[in-house]
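I opened the model today to look up a few points and keep notes. The entries below follow the order in which I checked them.

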Amino acid sequence: MNEFALIETYFNWSGSNLVNLGIGDDCAIIDIDANYQLVTSVDTLIEGVHFPINTSASDIAYKSLAVNLSDLAAMGARAKYFTLALTLPDINKKWLSQFSASLKSLADEFDIVLVGGDTTKGALSITINVTGVVEKNKALLRSSAQVGDLIFVSNTIGDAAYAWKQLQDKKTPSEYVINQFNRPKPQLFLGQKLSGIANACIDISDGLEQDLIHILTRSSVGASINLNDIPLGNEVKVYIKKTNDWCLILAGGDDYELCFTVPVKNMDLLKALQNKNNVTVTQIGVINNSMALTKIGSFDKQCCSYQHF
Ligand code: ADP
Ligand code: MG
């Protein structure tokens with residue numbers, strides 16, 4: 001049983017009237033009043049699973065909040081407040097002051113406030129619950145892709161996975177790729193701007209292929225993507241040319257970029273957004289009615305995205 005089947009079997013209970021959208025998307029949506037909805041998500045980071053042992057306290061803090069903000073970004077939400085459940089093996093004042101300073105600096109950057117949490121002793125793990133707001137019915141969902149939509153991703157894909165691979169191969173990643181791995185930039189600005197332009201959106205946490213398939217499944221559509229159109233950073237480009245290891249791009253994970261679909265009629269709006277603001281998005285494919293994902297390019301292996309079980 002994988003993690004998705006586990007959630008579906010044991011925890012996907014039917015919702016209440018308050019719950020506009022429950023389990024299954026990047027965030028849940030809760031009705032609060034006639035004009036706004038609360039958007040909420042929780043993610044846990046565990047030492048040795050989500051970050052290597054010996055990652056600095058400030059990088060751990062940054063990533064813990066950033067991956068949660070990324071879920072808000074995927075919904076097109078504005079960040080409001082968060083809670084922090086911290087499990088620590090011991091009290092290390094230096095570690096805590098670095099963790100705290102880095103967390104606060106990212107929180108300030110995205111205007112989100114720490115309102116509570118829980119502190120316990122045990123193996124290092126960090127759980128953050130973020131809450132944001134969206135205008136009523138303006139959230140970007142996984143389930144709204146339409147046949148004919150163009151598929152886009154933000155920035156570049158695969159840098160973080162390349163850094164992780166190099167660490168595992170006992171090599172020293174460049175500052176650029178290790179930074180992409182430790183400090184993924186939450187795409188909140190882009191997510192908010194995409195509301196009204198994109199039909200569907202997800203953040204790429206587990207790998208482009210698996211996360212795009214989440215959009216396809218929940219929207220009951222298919223897609224074709226062209227591998228050669230996926231935007232890659234310079235080092236990753238060289239690596240792919242040498243190895244043809246497209247699994248790093250398709251299933252590597254930890255990108256925290258947005259993957260979204262745009263109807264052709266909104267392309268002018270997207271272009272205006274690109275020209276006016278400093279955002280980089282690249283078309284990688286098209287939504288179709290095939291109910292499957294077709295990958296065009298010189299690679300036909302099956303990749304395994306990260307799953308916890
Ligand atoms: P993401 O990768 O975007 O953080 P996940 O893959 O972790 O999302 O979760 C998918 C969906 O399942 C989300 O809606 C999440 O809230 C829900 N979910 C995950 N674990 C549980 C759980 N133990 N109980 C209830 N819902 C869960
Ligand atoms: Mg997500």
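**Entry 1: Ser-70**

The model is a predicted one. Ser-70 sits in helix α2. I then listed what Ser-70 touches, leaving out residues up to four places away in sequence: Pro-186, Asp-203 and Tyr-256. With Asp-203 there is also a polar contact between the side chains, at 2.7 Å.

**Entry 2: the magnesium ion**

Which residues coordinate the magnesium ion (ligand 2)? I find Asp-26, Asp-71 and Asp-203, each through OD, at 2.0 to 2.1 Å. The spacing of these donor residues in sequence reads D-x44-D-x131-D. Asp-26 and Asp-203 come from distant parts of the chain, 177 residues apart. I place Asp-26 in the loop between β1 (19-21) and β2 (28-31), and Asp-203 in strand β8 (residues 200-203).

Are these two buried or exposed? Asp-26 has a relative accessible area of 6%, and because the cut-off for buried is under 20%, I count it as buried. Asp-203, at 1% relative accessibility, is buried as well.

**Entry 3: nonpolar cores**

I went on to the nonpolar residues. The largest nonpolar core has 56 residues, and Leu-65, Phe-99, Phe-260 and Leu-270 have the most contacts inside it. Helix α2 (residues 57-75) gives the largest share of this core, twelve residues. Both domain 1 (3-135) and domain 2 (142-296) supply at least three residues each to this core.

I checked the neighbours of Leu-65, again skipping residues up to four places away in sequence. Leu-65 touches Phe-82, Leu-103, Leu-106, Ala-107, Ile-112, Ile-128 and Val-130. Another core, of 38 residues, lies apart from the largest one; among its members are Ala-145, Leu-216, Leu-227 and Leu-232. As background, I note that nonpolar side chains tend to be buried together in soluble globular proteins.

**Entry 4: the whole chain**

Last, I took the totals. I count ten helices and twelve strands in the chain. The radius of gyration is 19 Å, close to the 19 Å that the globule rule gives for 309 residues, so the chain is as compact as a globular protein of that length. Along the principal axes, the C-alpha atoms fill a box of roughly 55 × 55 × 45 Å. Of the 309 residues, 48% count as buried. Among contacts with a separation of 6 or more, 83% are between residues 24 or more positions apart.

Methods. Residues are numbered from 1 along each chain as its sequence is written. Chains are lettered from A and ligands numbered from 1 in the order in which they are written. This is a predicted model: local features need pLDDT of at least 70, side-chain atom pairs count only at pLDDT 80 or more; totals for chains, interfaces and linings use all residues. Side-chain values use heavy atoms; hydrogens and water are left out. Donors are N, O and S atoms within 2.8 Å of the metal (3.2 Å for Na, K and Ca); water is not among the atoms, so sites may look incomplete. Helices (H or I, at least four residues) and strands (E, at least two) are DSSP runs, numbered from the N terminus. Buried means under 20% relative accessible area, exposed over 50%, partly exposed in between (1.4 Å probe, protein chains only). A nonpolar core is a set of buried Ala, Val, Leu, Ile, Met, Phe, Trp, Tyr and Cys residues joined through side-chain atoms within 4.5 Å. Domain bounds come from an automatic or database domain assignment. Contact means heavy atoms within 4.5 Å. A polar contact is a pair of N or O atoms within 3.5 Å; within protein, one must be able to donate a hydrogen and the other to accept it, and residues adjacent in sequence count only if both atoms are side-chain atoms. The radius of gyration is taken over C-alpha atoms; the globule rule is 2.2 Å times the number of residues to the power 0.38.
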